[in-house]
Structures are given as structure tokens and as C-alpha cells.
Amino acid sequence: MATTEPKHEHREEEEEAAGADDEDTGAQVAPIVRLEEVAVSTGEENEDPLIDLKAKLYRFDKDGNQWKERGAGTVKLLKHKETGKVRLVMRQSKTLKICANHLVLPTMTVQEHAGNEKSCVWHAPDFADGDLKDELFCIRFASIENCKSFMEMFQEVAESQKKEESEDGSTAAGLLEKLSVEDKSEEKAEDKTKEGDGKEEKAEDKDAEKKDEKATV
């Protein structure tokens, strides 16, 4: 009758040898290239997001008379912490390439795209390609709710920019009026000074005449 013990012994020897190979020797291998952390600026550090939604953007090609996809990604309305200006920025998801970048101006309006409640359209002077270019945009969201949220925030921002412009205009008008009042006050002061100088000159002339008369006598 054959025994199976040698096979077991051989298998145990192989496992011991494999275990010896897996043992930690304690040696440390230094990396060939040491990579340092680099701070990446997005240009959005001084801005607060008012809205942040995923969507797909299209632009209207006038030459081809058709809509062309600009990219799918995240659209944001960003408000500057100091100036209060709001801009629309959209980046493609994979490449982070900018496919829309423009200020939300008081004259802008956004409308629902005919036949699609998940989409809306608007005109804007866009700077995504590095040159200012008038574009007709269409953006499509995953839900009707997201589209409505975007449209409401867009219009709210445009209205707020109108108020700020009117306030700035009133402030500028007030400053101009104040300057004009100050100018008039300065003119009056100059006139009074001239009048005083004229009176002094007349008094001096009279004194000189009296001296001449006495000298003649």
C-alpha cells in the first residue's frame, strides 16, 4: 500500500519557501522621482457659488443654422466677494475645459426652450474661447426642477444687477451734485476775495490822492 506522506512533506517545503520570500526584509526603496504638491488655481477662489448643477450646453451655429454641443459638465453662477458681480461658468466634466464664461448683465433674460421643459436659452457676450463673442446658448438639465432653479436664479441675479446699477447711478449723481455745489461755493469765495481786494485798492488810491493834495498845498 503506497503512502502519501512524501507528497505532504514536499508541499510543506514549498509553502515554507514561499513564506520566506514574502517576509519583510525591512529594506526601504527610495522613490526615483519625488513629486511635490502644487497648488492649482481655478480662478474661483474669490467667488461664492450661488448655484451648481450638472447640465449639457449647446451654442447656436449661425453659419450652419443648427445647435452644436459645447460640452457636458457643471454650470455655476459665481458671485465675486468684493465687487458683487456674478458670472456664469461651465466646465466640461472630464477635461475641465471652459465651455461658457460670461457676466450676468442686467439686460439679460433667460427663457424656456420651446418644446422642452428641461432646457432654456439666453444670449450672452461670452469669453470662453479667449475672445468676446456674442452667443446664443441652450442648456439642458436632467430634470425640470433643476432647469427652473437655474432660470429663477439667473433672473434674480439679473434683477439684482439692475438695482446695483441704479444705486451706483444715484450715488454718482449725488457726488456730481455735491461737486457742483462745492464749485459754486469756491466761486463765491473767490468773488468775495476779489471784491475785498478791489476795496483795498480803492482805499489805497484815495490815501495816495490825499497825500498828493497835501504835498501840493
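Phe60 is partly exposed, with 21% relative accessible area, in this predicted model. Its ring sits with that of Trp67 in an edge-to-face pair, because the ring centres are 5.3 Å apart and the planes meet at 70°. Trp67 is partly exposed too, at 31% relative accessibility.

**Aromatic rings**

- The structure holds six aromatic pairs.
- The pair of Phe60 and Trp67 counts as edge-to-face because its planes are at 70°, and the label needs an angle over 60 degrees.
- Trp122 and Phe150 also pair, but in a tilted way, with 5.6 Å from centre to centre and 50° between the planes.
- This pair links distant parts of the chain: Trp122 belongs to strand 6 and Phe150 to helix 2 (residues 144-216), 28 residues apart.
- Both Trp122 and Phe150 are buried.
- Trp122 and Phe150 are also members of one aromatic cluster, together with Phe137, Phe141 and Phe154.

- Seven strands make up an open sheet with antiparallel pairing, and their order is 4-3-2-1-7-6-5.
- Strand 4 (98-103) and strand 5 (111-112) are the edge strands, each pairing on one side only.
- Strand 3 (residues 86-92) is mostly covered, as five of its seven residues are buried.
- On one side, strand 3 runs antiparallel to strand 2 (residues 66-80), and seven bridges join the two. Gly73 has Gln92 of strand 3 as its bridge partner.
- Strand 2 and strand 3 form a hairpin with five residues between the strands, where Gly84 takes a positive phi near 80°.
- Strand 3 also pairs with strand 4 in the antiparallel sense, over five bridges. Here Leu88 has His102 of strand 4 as its bridge partner.
- Strand 6 and strand 7 (residues 133-141) are antiparallel and share eight bridges. Along this pairing, Pro125 stands opposite Asp134 of strand 7.

**Salt bridges**

- Side chains of opposite charge can pair when their charged atoms come close. In this model the count comes to 10 salt bridges.
- Lys76 and Glu44 form one of these through their side chains, at 3.3 Å from N to O. Lys76 lies in strand 2 and Glu44 in the loop between helix 1 (5-22) and strand 1, so the pair ties together parts that are 32 residues apart in sequence.
- Lys76 is partly exposed at 22% relative accessibility, whereas Glu44 is buried at 14%.
- Glu47 meets Arg87 in another salt bridge, and their closest N and O atoms are 2.8 Å apart. Glu47 is in strand 1 and Arg87 in strand 3, 40 residues apart, so the pair links distant parts of the chain.- Glu47 counts as buried at 11% relative accessibility, and Arg87 counts as buried at 16%.
- The side chains of Asp61 and Lys68 also form a salt bridge, at 3.3 Å from N to O. Asp61 is buried at 11% relative accessibility, while Lys68 is partly exposed at 37%.
- Salt bridges with shared partners join Arg59, Arg70, Asp126, Asp129, Lys133 and Glu135 into one network.

**A closer look at Asp126**

- Where does Asp126 sit? Asp126 is found in strand 6 (residues 119-126).
- Is Asp126 buried or exposed? Asp126 counts as buried because its relative accessibility is 2%.
- A polar atom of the Asp126 side chain lies 3.0 Å from the backbone nitrogen of Ala128.
- Leaving aside residues up to four places away in sequence, Asp126 touches several others, among them Arg70, Cys99, His102, Lys133, Glu135 and Phe137.

**Two loop residues with a positive phi**

- Most residues other than glycine have a negative phi.
- Asn65 is not a glycine, yet its phi is positive, at about 55°. Asn65 lies in the loop between strand 1 (47-61) and strand 2, and it is exposed, with 58% relative accessible area.
- Leu96 is another residue other than glycine with a positive phi, near 60°. Leu96 lies in the loop between strand 3 and strand 4 and counts as exposed at 53% relative accessibility.

Note on methods. Residues are numbered from 1 along each chain as its sequence is written. Side-chain values use heavy atoms; hydrogens and water are left out. Helices (H or I, at least four residues) and strands (E, at least two) are DSSP runs, numbered from the N terminus. Buried means under 20% relative accessible area, exposed over 50%, partly exposed in between (1.4 Å probe, protein chains only). A polar contact is a pair of N or O atoms within 3.5 Å; within protein, one must be able to donate a hydrogen and the other to accept it, and residues adjacent in sequence count only if both atoms are side-chain atoms. Contact means heavy atoms within 4.5 Å. Two strands pair if DSSP finds at least two bridges between them. Rings of Phe, Tyr and Trp (its six-membered ring) pair if their centres lie within 6.5 Å; planes under 30 degrees apart count as stacked, over 60 as edge-to-face and the rest as tilted. A salt bridge is a side-chain nitrogen of Lys or Arg within 4 Å of a carboxyl oxygen of Asp or Glu.
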